[in-house]
Amino acid sequence: MQITNVKIIVTSPGRNYVLVKIETDEPDLYGWGDATLNGRELAVASALEKHIGPLLIGRDPDRIEDIWQYLFRGTYWRGGPVLMTALAGVDLALWDIKGKRAGLPLYSLLGGKTREGALAYTHCGGQDFQEVEEHVRAAQEKGFKVIRVQVAIPGNVGTYGVGGAQEAAAATWGEGGALPQVERWEPGAYLRTVPRLLEHLRSRLGEEIELLHDVHERLNPIQAARLAREVEPFHLFFLEDPLRPEHKESFRLIRQHTTTPIAMGELFHSRWEALPLITEQLIDFIRCDLGHIGGLTEARKIAAIAESYQVQTAWHGPGDIAPITHAANVHLDTSITNFGVQEMVFFPEITQEVITGGPVFKDGYLWVTDKPGLGTDVDEVAAARYPYQRAYLPTVRRADGSVHDW
Ligand code: KDG
Ligand code: MG
């Protein structure tokens, strides 16, 4: 069997997605992968079209590990978000082909089910504590048992995770599409508000509902340690991404001050970034993004390393990676032993019109079907109806005008 064609589609059904189709010399045997990198979609599409695609023609799609090593190490200039997202797109498409060829869903090829469904979490944001509470109650009614909570921070502009950022960015049009929205953020107000939000929610909702919060890499080490300690009485499921991804050693400081569980990793693009946090047990959940770390091939190795250190998985599952990666997440979640929780979104109808299949949510858990491969497909005619729209993530500045991490 040989790879005969690599096709890249950039489509925008609700938001931009970069999709990779790998075709083979066997009739109707193809696989789809997702290579979406929010805000830098065309860089990945170009890497795939111009550099990586031609290297795949004539290769045996069954040899996933060999192709992975060849693309990762064979470039010499390895790694980084663009190349690792491109590699993930190829990797998922190859796994999809392998599953289809075997006539088995991927979870089966990965060792078979260790659980029936993957415990899922959703996002609840709001302008004030009351609004967050209402959203949490509505999510509980849908069956969610784990919920991420974010609230608008007084005096800040455009708080992460409370909604509206995408729309606000799109409202800032420049030539060719949107330009980044600029938000304002100050740590003092943030550090005062988050513990009060959690106090409010615990006093109204009780202890049973699992709550988590995403810091989005905005704090410095001592601020993160303070926040993690102050929210300790409210028993978070985890505090997510407290520090910038460059500073692994600073996690020791957080650990010295608190028993709040810590999750980290959506900005990592290699196993070696995750490694010290796992082997030193500085985190409790590793939450790499399958779509940015090189796909299923790399994520299952990370999961296996984490298993030895009692670190659980919480793979990144936002709306800016396609349902194809969400499906890969759940195949992995349901076949490993150290799965923790799975972040999820409900994709709008317009996205599902183009990318079909993907995990199904029921009673707090995600499920994949028994279809061979990933169980997802792409309607190329529908995709062509939604051309790429330039879009960026927002950016952040402090009150004095200096750049801060979004
Ligand atoms: O593109 C950036 C998003 O994927 C990220 O902001 C989402 O932090 C995120 C999360 O936890 O889902
Ligand atoms: Mg996050």
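Okay, quick definition before anything else: when I say a residue is around the ligand, I mean that one of its heavy atoms lies within 4 Å of it. And keep in mind that this is a predicted model.

So, ligand 1. There are 14 residues around it, and the ones that come nearest are Tyr160, His216, Glu240, Glu266 and Glu343. What's the make-up of that shell, in terms of nonpolar, polar and charged residues? We get 7 charged, 4 nonpolar and 3 polar.

Let's go through some polar contacts. Glu266 has a side-chain N or O atom 2.6 Å from an oxygen atom of ligand 1. For Glu240, there's again a side-chain N or O atom, this time 2.8 Å from an oxygen atom of the ligand. Then there's Asn38, with a polar side-chain atom 3.0 Å from a ligand oxygen. How much of the ligand does the protein cover? On its own, ligand 1 has 330 Å² of accessible area, and the protein covers 91% of that. As for where the ligand sits, the space it takes is the largest pocket.

Okay, over to a bit of secondary structure. There's an open sheet of 3 strands here, in the order E8-E19-E20, and the pairing is mixed. Which strands stand at the edges? Those are E8, residues 182–184, and E20, residues 403–404; each has a single partner strand, so one side of each is left without a neighbour in the sheet. E19, which is residues 395–397, pairs with E20 in the antiparallel sense, over 2 bridges.

Methods:
Residues are numbered from 1 along each chain as its sequence is written. Chains are lettered from A and ligands numbered from 1 in the order in which they are written. This is a predicted model: local features need pLDDT of at least 70, side-chain atom pairs count only at pLDDT 80 or more; totals for chains, interfaces and linings use all residues. Side-chain values use heavy atoms; hydrogens and water are left out. A polar contact is a pair of N or O atoms within 3.5 Å; within protein, one must be able to donate a hydrogen and the other to accept it, and residues adjacent in sequence count only if both atoms are side-chain atoms. Accessible areas come from the Shrake-Rupley method with a 1.4 Å probe; for residues, only the protein chains shown count as cover. On a 1 Å grid over the protein atoms alone, a cavity is a set of points where a 1.4 Å probe fits but cannot get out, and a pocket is an open set with protein on both sides within 12 Å along at least five of seven lines; lining residues have an atom within 4 Å of a point. A molecule sits in a cavity or pocket if more than half of its atoms lie within 2 Å of its grid points. Ala, Val, Leu, Ile, Met, Phe, Trp, Tyr, Cys and Pro count as nonpolar, Asp, Glu, Lys and Arg as charged, and the others, Gly among them, as polar. Two strands pair if DSSP finds at least two bridges between them. Helices (H or I, at least four residues) and strands (E, at least two) are DSSP runs, numbered from the N terminus.
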